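Subject: A structure for you to look at

Hello,

Here is the structure I promised to pass on. Please open it next to this message and follow along as you read.

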Amino acid sequence: MELGYILAGLVVGFMVGLTGVGGGSLMTPLLIFGFGIPPLAAVGTDLLFAALTKMGGIWAHWRHHTIQWRVVGLLALGSIPSTLIALQILKLFQARGLQLEGIINTALGTALVLTAVALPMKSWLQRMAARRALPKIMQPAYSLRCNPRFTTVSTLVMGGVLGFLVTLSSIGAGALGAVVLLFLYPGLRTVQVVATDITHAVPLTAIAGIGHWYLGSVDMALLGNLLLGSLPGIYVASHIGVNIPERTMQTVLATLLMLVGIKFIF
């Protein structure tokens, strides 16, 4: 079974290296449906898995000065308190002997569906930002986003939403975070969006993962096996040429995530 976990980490790491999609949206459903891991343990283990696999990205972006630290701070001001609230809710449910599977499955399904929608939207927003061209229907929203107070408050609120959702599902810190940044900060370059998103995702998933470890919902042996496979997978995928168009890959992934998300909800 250990070899199976290593191979799962390798496959997910390879896919993350090819598409940039967060490992949570792929790893958590795989652990639950492929290996029969209980949902709470899958979420807790995957949160630490995500934090550890993304740490290397911060160093590279920090060296190139692409991280928008003010935006990271605003997102964290919203996400960290909501993460602690979500962990407290899970602890309360545990203390009262209530079943957590229902709330975890609902959160997983919601996060997967939102991620499936976010993938094509992310590509579209990136193209619009690169052209500095927005459809007429988005012009009023754009003028609102240029208001510093609106942007600050919206960033705090969306950080809170991300923190709560990621803590309950381990999904959303990547694709959903990137869409939030692209929408609220259309002036950022793509590399700045990626750098800022990753930098915020690491402390978010680390704090949530440590909280889950405290609750007893992290399998450390499983985590080690997943990392053993994923790190080489990410490295290889990021250093080879791929002939599959990014849009095609994201469409396939979005469809798969949508179907799995619906299965969780219903």
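Below is what I found in it, starting with the overall picture and then moving to a few places in detail.

First, some ground rules. This is a predicted model, in which local features need pLDDT of at least 70, side-chain atom pairs count only at pLDDT 80 or more, and totals for chains, interfaces and linings use all residues. Residues are numbered from 1 along each chain as its sequence is written, and side-chain values use heavy atoms, with hydrogens and water left out.

**Overall picture**

The protein has 11 helices and zero strands (helices are DSSP runs of H or I of at least four residues, strands are runs of E of at least two, and both are numbered from the N terminus). Of its 266 residues, 51% count as buried (buried means under 20% relative accessible area, exposed over 50%, partly exposed in between, with a 1.4 Å probe and protein chains only). Among contacts between residues at least 6 apart in sequence, 82% join residues at least 24 apart; a contact means heavy atoms within 4.5 Å.

The average pLDDT, which is the predictor's confidence in each residue from 0 to 100, is 80 for the protein, and 76% of the residues score at least 70. Please be careful around residues 136-144, where pLDDT stays under 50. The model has 10 contacts beyond four places in sequence for that stretch.

The unreviewed UniProt entry places the feature "transmembrane region" at several spans, including 71-90 and 102-121. Such annotations may be inferred rather than shown by experiment; the positions use the numbering here, and feature names are shortened. In the model, residues 71-90 are 100% helix, with end C-alpha atoms 28 Å apart. Residues 102-121 are also 100% helix, and their end C-alpha atoms lie 29 Å apart.

The 27 residues of α4 should span 39 Å at 1.5 Å a residue, and the end C-alpha atoms are 38 Å apart, which agrees (the expected span is 1.5 Å times one less than the number of residues). Helix α4 has a kink of about 30°, centred on Ala-76; the bend is the angle between axes fitted to the seven residues ending at a residue and the seven starting there. Ala-76 is one of the buried residues of α4.

Ser-82 also sits in α4. Ser-82 counts as buried because its relative accessible area is 10%. Its side chain reaches the backbone oxygen of Gly-78 at 3.3 Å. Beyond its neighbours within four places in sequence, Ser-82 is in contact with Gly-159, Gly-160, Gly-163 and Phe-164.

**Thr-45 in helix α3**

Thr-45 lies in helix α3 (residues 39-63) and is buried, with a relative accessible area of 0%. A polar atom of its side chain lies 2.8 Å from the backbone oxygen of Ala-41, and the side chain also reaches the backbone nitrogen of Asp-219 at 3.0 Å. Leaving aside neighbours within four places in sequence, the contacts of Thr-45 include Ser-217, Val-218 and Leu-222.

**Helix α8**

Nine of the 10 residues of helix α8 (residues 175-184) are buried, so α8 is largely enclosed by the rest of the structure. Among them are Ala-175, Gly-177 and Leu-184.

Enjoy exploring!

Notes:
A polar contact is a pair of N or O atoms within 3.5 Å; within protein, one must be able to donate a hydrogen and the other to accept it, and residues adjacent in sequence count only if both atoms are side-chain atoms.
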